[in-house]
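I opened this notebook to record what I looked up about side-chain packing and charge pairing. The entries follow the order in which I went through them.

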Amino acid sequence: MVIKVFLASSSGSTAIKKKQQDVVGFLEALKVDYTQLDIACNEDNRMWMRQNVPEDRKPTNGIPLPPQIFNEESYCGDYDTFFDAKEDNSVYSFLGLPPPPGSKEAEKADKADIVENGTHAEETNTAHAEEEEGQEEEDLQSEEEEEAEVQEDEEEDLEETQEEEAE
């Protein structure tokens, strides 16, 4: 899987240049395999990027600005979502890549998402919740049965007491 970063080599915006440098520098630091695709010099790259950014992720003017990040054909996000992922230590997840062993993201994944007995933690959590819910229902039913038995015993004791008093 190759990460595609759509950039503008001749952008007049300092903010865009800084954002592009931030993304590229971070990917290089992580040793992520990526390709830079220039939208300023290549009309095909520009059109592909514009067509493949989901409508709900485009700005109000409809033209997404670089940098835009894809994993092959799959849209990952823009600079803002990349930055958020970076802050959350979830860049590999953002990129759709498995985190390397020993990374903070891998440790986080081990605790939250990794397979437990052949199922994902989310599925396992759902199963545990269902088990707990079933156990709670059983416990409630048992409590109700116990209360009913106690009430029956008390009624029997009361009847016996009344019979003894009548004699």
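Is Ser-11 buried or exposed? I noted that Ser-11 counts as buried, because its relative accessibility is 12% (buried being under 20% relative accessible area, exposed over 50% and partly exposed in between, with a 1.4 Å probe and protein chains only).

Before going on, I wrote down that this is a predicted model, in which local features need pLDDT of at least 70 and side-chain atom pairs count only at pLDDT 80 or more, while totals for chains, interfaces and linings use all residues. Residues are numbered from 1 along each chain as its sequence is written, and side-chain values use heavy atoms, with hydrogens and water left out.

Entry on Ser-11. I placed Ser-11 in the loop between strand 1 and helix 1, where helices (H or I, at least four residues) and strands (E, at least two) are DSSP runs numbered from the N terminus. A polar atom of the Ser-11 side chain lies 3.1 Å from the backbone nitrogen of Ser-13. With neighbours within four places in sequence set aside, I found Ser-11 in contact with Ile-16 and Lys-17 (contact meaning heavy atoms within 4.5 Å).

Entry on aromatic pairs. I looked up the ring pairs and found seven in the structure; rings of Phe, Tyr and Trp (its six-membered ring) pair if their centres lie within 6.5 Å, and planes under 30 degrees apart count as stacked, over 60 as edge-to-face and the rest as tilted. One of these is Phe-70 with Tyr-75, whose ring centres are 5.1 Å apart and whose planes stand at 70°, so the pair is edge-to-face. Phe-70 is buried at a relative accessible area of 0%, and Tyr-75 is buried as well, at 15%. Phe-82 and Phe-94 also pair edge-to-face, because their planes are at 65°, with the ring centres 5.9 Å apart. That pair links distant parts of the chain, Phe-82 being in helix 3 (residues 79-87) and Phe-94 in helix 4 (residues 91-95), twelve residues apart. Both Phe-82 and Phe-94 are buried.

I recorded one aromatic cluster formed by Phe-6, Trp-48, Phe-70 and Tyr-75. Over the face of Trp-48 lies Lys-4, at 4.9 Å from the ring centre (a charge sits over a ring if NZ of Lys or CZ of Arg is within 6 Å of the ring centre and within 35 degrees of the ring normal).

Entry on salt bridges. Taking a salt bridge as a side-chain nitrogen of Lys or Arg within 4 Å of a carboxyl oxygen of Asp or Glu, I have a count of four. Lys-4 forms one with Glu-73, the closest N and O atoms being 3.6 Å apart. Lys-4 is in strand 1 (residues 3-7) and Glu-73 in the loop between strand 3 (68-71) and strand 4 (74-78), so this pair ties together parts 69 residues apart in sequence. Lys-4 counts as buried at 18% relative accessibility, whereas Glu-73 is exposed at 52%.

Lys-86 forms a salt bridge with Asp-22, with 2.8 Å between the closest N and O atoms. Because Lys-86 lies in helix 3 and Asp-22 in helix 1 (residues 14-29), the pair ties together parts that are 64 residues apart in sequence. Lys-86 is buried at 18% and Asp-22 partly exposed at 22%.

Conventions. Polar contact = N/O pair within 3.5 Å; in protein donor to acceptor, adjacent residues only side chain to side chain.
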